[in-house]
Amino acid sequence: MSNEGLSFKTNSPEVKELFKWWVGLNEDRGERAVLRRCGNLVEVVFSPAYHRLRLALGQIGSVNDDGLALVVGLAARVNDPNDENTIAKQMATGKDKAKVSGLRFRRLLKVKEKEELYTRMGRIIAMLGGAVNLQSLAQSVYFWNDITRKQWAFEYYSKAPGEA
């Protein structure tokens, strides 16, 4: 095991493990259903699926347990791990207007607590129909901080400038 942390950058070993885990989860509907019913991050950590991914990623680098609980709980809600746009751009893209309103997006950017982020992102994944860039989701929520929120703002408003 490396002492370095995970990055979840495109094509990194941890992203490959995440996709492998997601495919396995997608094939095991019962385990996926258990994760989808989790009401908070503690319940996610109680899931064997969480620990399978944690052990696999632990072979790559040190794991932030709370960040990984967010990734696991939200990844279980993804139906299509679309990789076209980042999740912030996906929120901004729609036929006539953004899929996620500017007001809802700004409220999301103010979130600091992981439990609240889990709840709000679960709703946003549902609004996006479960078609979410899994790599972008994982990298964003695992490292939810000011840098991530700023990057999201740049990406969202570059696609939906009228949502300000």
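## Exercises on a predicted model

Helix H1 (residues 13-27) packs against helix H2 (residues 29-36) at an angle of about 105°, and their axes lie 5 Å apart.

**Exercise 1.** Decide how H1 and H2 are oriented to each other, and describe their contact.

*Solution.* Start with the angle, which is about 105°. Angles of 65 to 115 degrees count as roughly perpendicular, and H1 and H2 are therefore roughly perpendicular to each other. Next, find the residues that meet: H1 contributes Trp21, Leu25, Asn26 and Glu27, while H2 contributes Arg29, Glu31, Arg32 and Leu35. Finally, sort the residues of this contact by class: 4 are charged, 3 nonpolar and 1 polar.

**Exercise 2.** Work out whether Arg149 is buried or exposed, and find its contacts.

*Solution.* First locate Arg149, which sits in helix H10. Its relative accessibility is 9%. Buried means under 20%, so Arg149 counts as buried. Then set aside the neighbours within four places in sequence: Arg149 touches Leu109, Val111, Lys112 and Trp144.

**Exercise 3.** Describe the largest pocket and say which helix gives the most to its lining.

*Solution.* Begin with the volume of the largest pocket, about 150 Å³. Now look along its lining, where you will meet Thr86, Gln135, Ser136, Gln139, Ser140, Ile147, Thr148, Gln151, Trp152 and Glu155. Helix H9 (134-142) and helix H10 (146-159) each supply at least two of the lining residues, and H10 gives the most, with 5 residues. To finish, classify the lining: 7 residues are polar, 2 nonpolar and 1 charged.

Conventions:
Residues numbered from 1 in each chain as written. Predicted model: local features only at pLDDT ≥ 70, side-chain atom pairs only at ≥ 80, totals over all residues. Heavy atoms only, no water. 1 Å grid on protein atoms, 1.4 Å probe; cavity = no way out; pocket = protein on both sides within 12 Å on 5 of 7 lines; lining within 4 Å. Points joined across faces, edges and corners; volume = space filled by probe spheres on them. Helix = DSSP H or I, 4+ residues; strand = E, 2+ residues; numbered from the N terminus. Nonpolar A, V, L, I, M, F, W, Y, C, P; charged D, E, K, R; others polar. Buried < 20%, exposed > 50% of the residue type's maximum accessible area, 1.4 Å probe, protein only. Contact = heavy atoms within 4.5 Å. Axes fitted to C-alpha atoms, helices over the stretch in contact; angles between N-to-C directions. Parallel < 35°, antiparallel > 145°, perpendicular 65-115°, else oblique.
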